[in-house]
Amino acid sequence: MDDRPTILVIDDEPANIEIVSAVLEDDYEICFALSAEQAIQVAHAARPDLILLDVVMPGMDGYQLCRIFKADPLLCDVPVIFATALGDDEAELRGLAVGAIDYVTKPIRPATLLRRVRNHVQMKRMRDQLTEQALRDPLTGLGNRRMLERRLQAELHRQAREGGLIAVLMLDIDHFKGFNDSYGHPEGDRCLQAVSASLAQCVRRSGDLCARYGGEEFACILPGTDLDGALSVAEAMRAGVQALGIAHRASQVAPVVTVSIGVASGRCDMGGDNGFWLTGADRMLYRSKLAGRNRVSG
Ligand code: GH3
Ligand code: MG
Ligand code: MG
Ligand code: MG
């Protein structure tokens, strides 16, 4: 696999693409498109680290295309540099106003283009790293509470109009304080890692998310899943954790680590925000705890 950064070059003139490729191809993977319409497809398939964009093209021009990229959740973070023959202030200002990070004029000056591309790609990679750190739990590798809240909100927003289904699970390790007390905190951390890996194996549909919500609490979002479906995923999680067989001598439930789970499910347009669904699942989790733990309620 080539892990060099990918640059998407968009220009209606093949000769221009060749010139730019010659400058960048030693350091970057190059893909290209000869029209705005083709560019949208290629951008989605290649997920480039940077886009070099012509302004004057038949059909949709570069300004319009840049606006489309900036409004697309999958592409809005990709830096766009205009590379165009239009050298006047007004054209440059317009390019920056539609969201481009930089603007260079043709004829291309190879050394400065390469330097600009390098700087912007480096910053893009740093931003990606920070985003990843902001949304992931370092101990378990699962998404964190922030990722869960974001995804839930986006999912509710997306599905609300269509009246789609959603299920939310809240999970909590049983008597985990006792586990730490008897085996020590480092062993508790290893337990959290093993439980996380087990839970993650149970959510396999694209769009599903399992996150570490807090200390020994986890939450899952299962878009498009009804109550029966969510209960069976939850039951698989419960059984999976028990089957890990992690010894827990302080538990009053079983000689091994177990989880209690609450499930809330229904139509996204039931009017609730994040809190509505998370509280609903939490209430069911509380019911599982009261009923004796190591069980699923919904
Ligand atoms: P219950 O069955 O009612 O959930 O009992 P519990 O003991 O699990 O609940 P409680 O909320 O009293 O205790 C949670 C414990 O989880 C306390 C805390 O020390 C532990 N914990 C939270 N985060 C971490 C962590 O990152 N690592 C470790 N090792 N322990 C953690
Ligand atoms: Mg052109
Ligand atoms: Mg808890
Ligand atoms: Mg607990």
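Reader: Which residues touch the most other members of the largest nonpolar core?

Author: V168, L169, A219, M237, I261, V263 and A281, out of 45 residues in that core. The largest share, seven residues, comes from β6. This is a predicted model: local features need pLDDT of at least 70, side-chain atom pairs count only at pLDDT 80 or more, and totals for chains, interfaces and linings use all residues. Residues are numbered from 1 along each chain as its sequence is written, while chains are lettered from A and ligands numbered from 1 in the order in which they are written.

Reader: What makes a set of residues a nonpolar core?

Author: Its members are buried Ala, Val, Leu, Ile, Met, Phe, Trp, Tyr and Cys residues, joined through C-beta atoms within 7 Å. A second, separate core has 31 residues, including Y28, A39, L53 and V80.

Reader: What is I261 in contact with, leaving aside its neighbours within four places in sequence?

Author: L169, L171, A234, M237, R238, L285, S288 and V296. Contact requires C-beta atoms, placed from the backbone, within 7 Å.

Reader: Why is D54 called buried?

Author: A residue is buried if 20 or more other C-beta atoms lie within 10 Å of its own, exposed if 12 or fewer, and partly exposed in between; the C-beta atoms are placed from the backbone. D54 has 27 such neighbours inside 10 Å, so D54 counts as buried. Leaving aside neighbours within four places in sequence, D54 is in contact with I10, D11, D12, N16, G62, A83 and T84.

Reader: Where does D54 lie, and what does UniProt say of D54?

Author: D54 lies in the loop between β3 (50-53) and α3 (62-71). Helices (H or I, at least four residues) and strands (E, at least two) are DSSP runs, numbered from the N terminus. An unreviewed UniProt entry annotates D54 as "modified residue: 4-aspartylphosphate". UniProt positions follow the numbering used here, feature names are shortened, and annotations may be inferred rather than shown by experiment.

Reader: How do you know that β3 pairs with β1 and β4?

Author: Two strands pair if DSSP finds at least two bridges between them. β1 (residues 6-10) and β3 have four bridges, in the parallel sense. β3 and β4 (residues 80-84) have three, also parallel. I7 stands opposite L50 in β3, and I51 stands opposite V80 in β4.

Reader: Which way do the residues of β3 point?

Author: L50 and L52 point one way, I51 and L53 the other, and all are buried. In a regular strand the side chains alternate between the two faces of the sheet.

Reader: What makes β7 and β10 edge strands?

Author: The open sheet of five strands runs β7-β8-β6-β9-β10, with mixed pairing. β7 (209-214) and β10 (296-297) each have a single partner strand, so one side of each is left without a neighbour in the sheet. β7 and β8 (residues 217-223) pair in the antiparallel sense over five bridges. The bridge partner of A211 is A219 in β8.

Reader: Why is R293 called partly exposed but N294 buried?

Author: R293 has 18 C-beta neighbours inside 10 Å, so R293 counts as partly exposed. N294 has 21, so N294 counts as buried. R293 has a positive phi of about 70 degrees, although R293 is not a glycine.

Terms used
Two residues are in contact if their C-beta atoms, placed from the backbone, lie within 7 Å.
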